[in-house]
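This report describes the architecture of a single protein chain. The sequence and the structure are shown first, and the description follows.

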Amino acid sequence: MSNNHLAIVDPELAPLIAALPTPPLPPDSPVDLKVVRARMTAMFTNTARANLAPFLPPGTCRGSYHVEEYQIPNDAGQFAIRTYHPAAQDEKTFPTVVVVHGGGFMNGDLEMEDYSLKILYVDLQLAIVNVDYRLAPENPYPAGLNDVYQALKWTARNAALIHADLRKGFLQALSEGLYSTAKARVERDRSF
């Protein structure tokens, strides 16, 4: 059976597709990975910020909520994570989500999901850990995946620091999160 019908744009989606930003480089341009990354990240980040800014929780800038960055050691030095959690009164704790940004392990950073995570942790009362894993091809597989695993271990060991209660929930989410979750399942019997 042929799948040629999958190449035909649905008429309802055509206006949405036409409104999408143009790709950062023409298909026949020489590829400069740093330029492509900067343009793709800016495109995703700027689009998200423009669309989500009106929905940002008001307390984020006034100390009602906490956003902090930490450096986590890895085999090449260290990588960053950004944590988000509501300000806890009476030592309240929250379910935990470890976020692995999209980008095919080759693109993306902490800023891509920043606004959506600020909205999410307030609306759902979550403790969130956003992972800025090493990118390929400069850091070949499994470097990025290992960073994600280290971030999972850091979260389990430092739950109290971010007012997380792993008994209330401990999830991993987003694009590369699907693969990383499968890896974590394989590793589940190892002690964090």
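## Pairing of the central strands

In this predicted model, strand β3 (residues 96-100) runs parallel to β4, and the two are paired over five bridges; strands count as paired if DSSP finds at least two bridges between them. Within this pairing, Val-98 has Val-129 of β4 as its bridge partner. Strand β2 (residues 77-86) also pairs with β4, here in the antiparallel sense and over five bridges. Ala-80 is the residue that stands opposite Asp-132 of β4.

Strand β4 (residues 127-132) is largely enclosed by the rest of the structure, because five of its six residues are buried. Buried denotes a relative accessible area under 20%, exposed one over 50%, and partly exposed a value in between, with a 1.4 Å probe and protein chains only. Together with helix α3 (residues 114-124), β3 and β4 form a right-handed β-α-β unit. Right-handed here means that, with the strands pointing away from the viewer, the path from the first strand over the helix to the second runs clockwise.

## Basis and confidence of the model

Residue numbers start from 1 along each chain as its sequence is written, and side-chain values use heavy atoms, with hydrogens and water left out. Because the model is predicted, local features need a pLDDT of at least 70 and side-chain atom pairs count only at pLDDT 80 or more, whereas totals for chains, interfaces and linings use all residues.

The pLDDT, which is the predictor's confidence in each residue from 0 to 100, averages 80 over the protein chain, and 77% of the residues score at least 70. Confidence is highest in β2, at a mean of 93, and lowest in helix α5 (residues 175-187), at 55.

## Overall organisation

The protein chain holds five helices and five strands, which follow the order α-α-β-β-β-α-β-α-β-α from the N terminus. These elements are DSSP runs numbered from the N terminus: helices are H or I with at least four residues, and strands are E with at least two.

Of the 192 residues, 38% count as buried. Among contacts (heavy atoms within 4.5 Å) between residues at least 6 apart in sequence, 72% join residues at least 24 apart.

## Nonpolar cores

In soluble globular proteins, nonpolar side chains tend to be buried together. A nonpolar core is taken as a set of buried Ala, Val, Leu, Ile, Met, Phe, Trp, Tyr and Cys residues joined through side-chain atoms within 4.5 Å. The largest such core has 20 residues, and Ile-81, Val-131, Tyr-133 and Trp-154 touch the most other members. Two or more residues each are given to this core by β1 (65-74), β2, β3, β4 and α4 (143-157). Helix α4 provides the largest share, four residues.

Beyond its neighbours within four places in sequence, Trp-154 is in contact with Tyr-70, Ile-72, Ile-81, Thr-83, Val-129, Leu-161 and Ile-162. A second, separate core consists of eight residues, among them Val-97, Val-99, Tyr-121 and Leu-126.

## Surroundings of helix α3

The buried residues of α3 are Asp-114, Tyr-115, Leu-117, Lys-118, Ile-119, Tyr-121 and Val-122. They pack against α2, β1, β2, β3 and β4. Ile-119 is 64 residues from Phe-55 along the chain, yet their C-alpha atoms are separated by 6.9 Å. Phe-55 belongs to the loop between α2 (33-52) and β1 and is exposed, with a relative accessible area of 55%.

Just after α3, Gln-125 adopts a positive phi of about 55 degrees, although Gln-125 is not a glycine. This residue is located in the loop between α3 and β4 and is partly exposed, with a relative accessible area of 27%.

## Backbone features in the later loops

His-163 is buried, with a relative accessible area of 16%.
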